[in-house]
Amino acid sequence: MNEKSTAYLQAGRYIDSAHPKVAEFAARHAKGTDHREKAVALYYAVRDRIRYNPFQNFMVDEAYRASACLERNVGWCVSKAALLAACARAAGIPARVGFADVKNHLTTPELTAKMGTDLFVYHGYSELQLDGRWIKATPAFNLSLCTRFRVRPLEFDGREDSIFHPFDEDERRHMEYVRWRGEYGDVPADDIKRVFSETYPELFNLGPAAAQRQFA
């Protein structure tokens, strides 16, 4: 493992892989005989054991932190991506987070009203280094949510990128990637806060009141 890969094993401010609860969760769910099998097991643990809810208090750092996502048992794409990356690092797998702007053609009317658009900026995903390659993994939408919305759940095999499908189960347009923002060793929370406050002022300014809203 080279020096650059080793850097992606260290705990960060938001990808806080050294947090005791993150380490315990990773140890409990990283089942397998090699890194690929452990990565796949961790992916499904984060995807389905942590409920997705995009209504967050984006003003506070905890909304972007892996351990807070785990402790609350609920998160959004960025915090769930941070959690998967943190668990992977705790299991000895180099990991980082990446971001893209996506158009969600099937978002709910309430969320669209608060956002004022169907464009999701800084959509978060994880990247895990497996067999010398960086593989994308998107653990955002838990299985029960996908079933309810008739969205194809994202599977992950540790060999190919796992990113959102362009169409749902009924062949309606679902996710469209319109801009890639790159990969980071830790969540660029200050940049995300700034862009969110400019792009979604009503949603961003919900602040603590966001906790009263439930997705789906």
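Ala 95 stands opposite Leu 128 in strand 4. Helix 8 (residues 189–199) packs on the sheet to which this strand belongs. The model is a predicted one.

- Four strands form an open sheet in the order 5-4-3-6, with antiparallel pairing.
- Strand 5 and strand 6 stand at the edges; each has a single partner strand, so one side of each lacks a neighbour in the sheet.
- On average, neighbouring strands are turned by 35° against each other, direction ignored.
- Helix 8 touches strand 3, strand 4 and strand 6. Its direction makes about 155° with that of strand 4.
- Strand 3 (residues 95–104) pairs with strand 4 in the antiparallel sense over eight bridges. Within this pairing, Ala 100 stands opposite His 123 of strand 4.
- Strand 4 spans residues 119–130 and is mostly covered, with 11 of its 12 residues buried.

- Leu 130 has Arg 133 in strand 5 as its bridge partner.
- Two residues lie between the strands of this hairpin. Asp 131 sits in the loop there.
- Asp 131 has a positive phi of about 55°, although it is not a glycine. Most residues other than glycine have a negative phi.
- Asp 131 counts as exposed because its relative accessibility is 69%, and exposed means over 50%.

**The nonpolar core**

- The largest nonpolar core has 65 residues. Those with the most contacts inside it are Tyr 64, Trp 76, Leu 83, Phe 156, Val 187, Ile 192 and Phe 196.
- Helix 5 (residues 77–90) gives the most to this core, with 10 residues.
- Leu 83 is in contact with Val 22, Val 46, Ile 50, Ala 66, Cys 69 and Leu 70, leaving aside its neighbours within four places in sequence.

**Helix 3**

- Helix 3 runs over residues 35–49. At 1.5 Å a residue, its 15 residues should span 21 Å, and its end C-alpha atoms are 21 Å apart, so the two values agree.
- At the start of the helix, a side-chain oxygen of Asp 34 reaches to within 3.3 Å of the backbone nitrogen of Arg 36.
- The buried residues of helix 3 are Arg 36, Ala 39, Val 40, Leu 42, Tyr 43, Ala 45, Val 46 and Arg 47.
- Their cover includes helix 2 (20–29), helix 5, strand 4, strand 5 and helix 7.

**Two loop residues**

- Ser 162 is found in the loop between helix 7 (143–149) and strand 6 (175–184). Ser 162 is buried because its relative accessible area is 2%, and buried means under 20%.
- A polar atom of the Ser 162 side chain lies 2.8 Å from the backbone oxygen of Glu 155.
- Neighbours within four places in sequence aside, Ser 162 is in contact with Tyr 43, Lys 136, Ala 137, Thr 138, Leu 154, Glu 155 and Phe 156.
- Asn 73 lies in the loop between helix 4 (66–72) and strand 2 (74–75). Asn 73 has a positive phi of about 60°, although it is not a glycine.
- With a relative accessible area of 41%, Asn 73 is partly exposed.

Conventions. Residues are numbered from 1 along each chain as its sequence is written. This is a predicted model: local features need pLDDT of at least 70, side-chain atom pairs count only at pLDDT 80 or more; totals for chains, interfaces and linings use all residues. Side-chain values use heavy atoms; hydrogens and water are left out. Buried means under 20% relative accessible area, exposed over 50%, partly exposed in between (1.4 Å probe, protein chains only). Two strands pair if DSSP finds at least two bridges between them. A polar contact is a pair of N or O atoms within 3.5 Å; within protein, one must be able to donate a hydrogen and the other to accept it, and residues adjacent in sequence count only if both atoms are side-chain atoms. Contact means heavy atoms within 4.5 Å. Axes are lines fitted to C-alpha atoms, for helices over the stretch in contact, and angles run from 0 to 180 degrees between N-to-C directions. A nonpolar core is a set of buried Ala, Val, Leu, Ile, Met, Phe, Trp, Tyr and Cys residues joined through side-chain atoms within 4.5 Å. The expected span of a helix is 1.5 Å times one less than its number of residues.
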